[in-house]
Amino acid sequence: MPANQTRSRVRERNNVLNRPEFMSLNQPMKSGGGGGGESRGGARRPSQRQQQNQQQQGDNPQPENNKDKKELPEEDCMQLNPSFKGIAMNSLLAIDICMSKRLGVCAHPSSSWGSVRSMIKLLALTGHGIPWVFGTLVCLMRSNTLAGQEVLVNLLLALLLDVMTVSGMQKLVKRKGPWEMPPGFFDYLAMDIYSFPAAHASRAVMVSKFLLAHLVLAVPLRILLVLWAILVGMSRVLLGRHHLTDVGCGFALGFLHYSLVEMVWLSSNTCQTLISIGTFNWSPLY
């Protein structure tokens, strides 16, 4: 028996698993023995949390980037899958702006046609609203015939209608010219501040159509009157004040104003009543 005990002791000493560093392998699993698993799981948890944080950062970008995106104007934002109508409209607007800038040869004194800029400005001034309104008032005060006063009163109402309608549309659209030139003093008086529609073009077409319908003119004068209306509208493009589409819409608006005035044409008696009210003379004029 002692010999057997000594042999067993020698075997236990020679066994590698009995060393201190391997003692944990010989111990049985405890109920809370998931410590190794927990430690391993705890070692894995930081990586999972990092992945979750990365996913959250990807889903929720930084607030600074959101502010930058919100501050961007709508014109600089790219629209995905635009419609055919939107593409066509943007293409037409781009062509309109490009052509209008190329035709603005008198926009500045240093432009290619800067030497004739003063003449073009004088031509554009003939279509301004202030000279036409004051000129019509002077003619109305000097007129002595009922027919002349009737025509002049209706022309004055047409001019006022043109000024109010165009200024209202310009303030509604607020489109700037191709060269974004500041309006002058007379433009502020006539409320011709923005580009769309072209007030000079609308007024020139309305006045020319009105005079052709109510004045007896020779053929050369009628042709010159039509050319004047066209040149007044184009002068604003040459000066860089309006786009081509602004002038085109101004021409159409001038025809509309003339049609409205013809539809609501004031009779001679109504015109005499308005003249008496305006001059504070309540007796009828004969």
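Colleague: In which helix does R203 lie?

Modeller: Helices are DSSP runs of H or I, at least four residues, numbered from the N terminus. R203 lies in α10. This is a predicted model, where local features need pLDDT of at least 70, side-chain atom pairs count only at pLDDT 80 or more, and totals for chains, interfaces and linings use all residues. Residues are numbered from 1 along each chain as its sequence is written, and side-chain values use heavy atoms, with hydrogens and water left out.

Colleague: Is R203 buried or exposed?

Modeller: Buried means under 20% relative accessible area, exposed over 50%, partly exposed in between (1.4 Å probe, protein chains only). R203 counts as buried because its relative accessibility is 3%.

Colleague: Which residues does R203 touch?

Modeller: Contact means heavy atoms within 4.5 Å. Not counting residues up to four places away in sequence, R203 touches G127, H128, G129, W132, L159, D162 and V163.

Colleague: How many residues has the largest nonpolar core?

Modeller: A nonpolar core is a set of buried Ala, Val, Leu, Ile, Met, Phe, Trp, Tyr and Cys residues joined through side-chain atoms within 4.5 Å. The largest here has 17 residues, and L159, M206, F210 and W228 have the most contacts inside it. α8, α10, α11 and α12 each supply at least two of its residues, and α10 gives the most, with 6.

Colleague: Where is the place of A107?

Modeller: A107 sits in the loop between α5 and α6. With 0% relative accessibility, A107 counts as buried. The C-alpha atoms of A107 and R241 are separated by 7.8 Å, although these residues are 134 residues apart along the chain.
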